[in-house]
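This report describes the fold of one protein chain, from its overall make-up to selected residues. The sequence and the structure are shown first.

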Amino acid sequence: MSINDRGTKKWVSLFIPEHKSMLREFYKEQHFKTKPELDEQELEMLNEKLWNAMEWDSEVNVIYFKNHDKHELHGKISKVDPLEGKINMLNQDEKYSLYIEDIIDIDVL
């Protein structure tokens, strides 16, 4: 007795466009970077650098984590709002606002 099998053709009809989009999203999420966890000492150092930069009106490079990637911003810190958890920065007359929890590192120049 011989069975006539269609091979992989029989599974093609079960692969709908929604499956394709879900698989693309799944593979994209596999390459997301995760935010590094800072310990208590690192957070204290960031806090000290932040307040020193504010006090001395120094230019800083702020490295922050947003949208699954690291970004860098150069400028001066104009305001620190601990209640909202944000800092405001000026970079060539452009204003930026960052969440303090997104900051990874601060380099005071």
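A residue is called buried when its relative accessible area is under 20% and exposed when that area is over 50%, with partly exposed in between. The structure under discussion is a predicted model. In it, Tyr64 counts as buried because its relative accessibility is 14%.

**Overall make-up**

The chain has 109 residues, 21% of which count as buried. Its secondary structure consists of three helices and five strands, arranged along the sequence in the pattern α-α-α-β-β-β-β-β. The accessible surface of the chain amounts to about 9,100 Å², and carbon and sulfur atoms account for 52% of this area. When contacts between residues at least 6 apart in sequence are considered, 48% of them join residues at least 24 apart.

**The sheet**

The five strands form an open sheet in the order β4-β3-β2-β1-β5, and the pairing is antiparallel. Strands β4 and β5 (103-108) stand at the edges with a single partner strand each, so one side of each has no neighbour in the sheet. From one strand to the next, the twist averages 45 degrees. Helix α3 packs on this sheet and touches β1, β2, β3 and β5, and the direction of α3 makes about 45 degrees with that of β5.

Two of the strand pairings can be described in detail. Strand β2 (residues 69-81) runs antiparallel to β3 and is joined to β3 by five bridges; within this pairing, Lys79 has Asn88 of β3 as its bridge partner. Strands β3 (residues 86-91) and β4 (residues 94-99) are also antiparallel, with six bridges between them. Here Met89 is bridged to Tyr96 of β4.

**Loop residues with positive phi**

Most residues other than glycine have a negative phi. Asn67 is located in the loop between β1 and β2, and its relative accessible area of 65% makes it exposed. Gln92 belongs to the loop between β3 and β4, in a hairpin that has two residues between the strands. Gln92 likewise counts as exposed, at 72% relative accessibility.

**Buried residues and a surface patch**

Tyr64 is placed in strand β1 (residues 59-66). Beyond residues up to four places away in sequence, Tyr64 touches Asp69, Lys70, His71, Glu72, Leu73, Leu98, Asp102, Ile103 and Ile104. Lys35 is 29 residues from Tyr64 in sequence, and the two C-alpha atoms are 9.2 Å apart.

Ser58 lies in the loop between α3 (40-56) and β1. With a relative accessible area of 16%, Ser58 is buried. Apart from its neighbours within four places in sequence, Ser58 contacts Ala53, Gly75, Lys76, Val108 and Leu109.

The accessibility values of the residues discussed are collected below.

| Residue | Relative accessible area and class |
|---|---|
| Tyr64 | 14%, buried |
| Ser58 | 16%, buried |
| Asn67 | 65%, exposed |
| Gln92 | 72%, exposed |

On the surface, Leu23, Phe26 and Tyr27 form a nonpolar patch, and their accessible area together is about 300 Å².

Key: Residues are numbered from 1 along each chain as its sequence is written. This is a predicted model: local features need pLDDT of at least 70, side-chain atom pairs count only at pLDDT 80 or more; totals for chains, interfaces and linings use all residues. Side-chain values use heavy atoms; hydrogens and water are left out. Two strands pair if DSSP finds at least two bridges between them. Helices (H or I, at least four residues) and strands (E, at least two) are DSSP runs, numbered from the N terminus. Patches are made of residues with over 30% relative accessible area and no salt bridge: like charges are joined within 9 Å, nonpolar side chains (Val, Leu, Ile, Met, Phe, Trp, Tyr) within 5 Å. Accessible areas come from the Shrake-Rupley method with a 1.4 Å probe; for residues, only the protein chains shown count as cover. A salt bridge is a side-chain nitrogen of Lys or Arg within 4 Å of a carboxyl oxygen of Asp or Glu. Buried means under 20% relative accessible area, exposed over 50%, partly exposed in between (1.4 Å probe, protein chains only). Contact means heavy atoms within 4.5 Å. Axes are lines fitted to C-alpha atoms, for helices over the stretch in contact, and angles run from 0 to 180 degrees between N-to-C directions.
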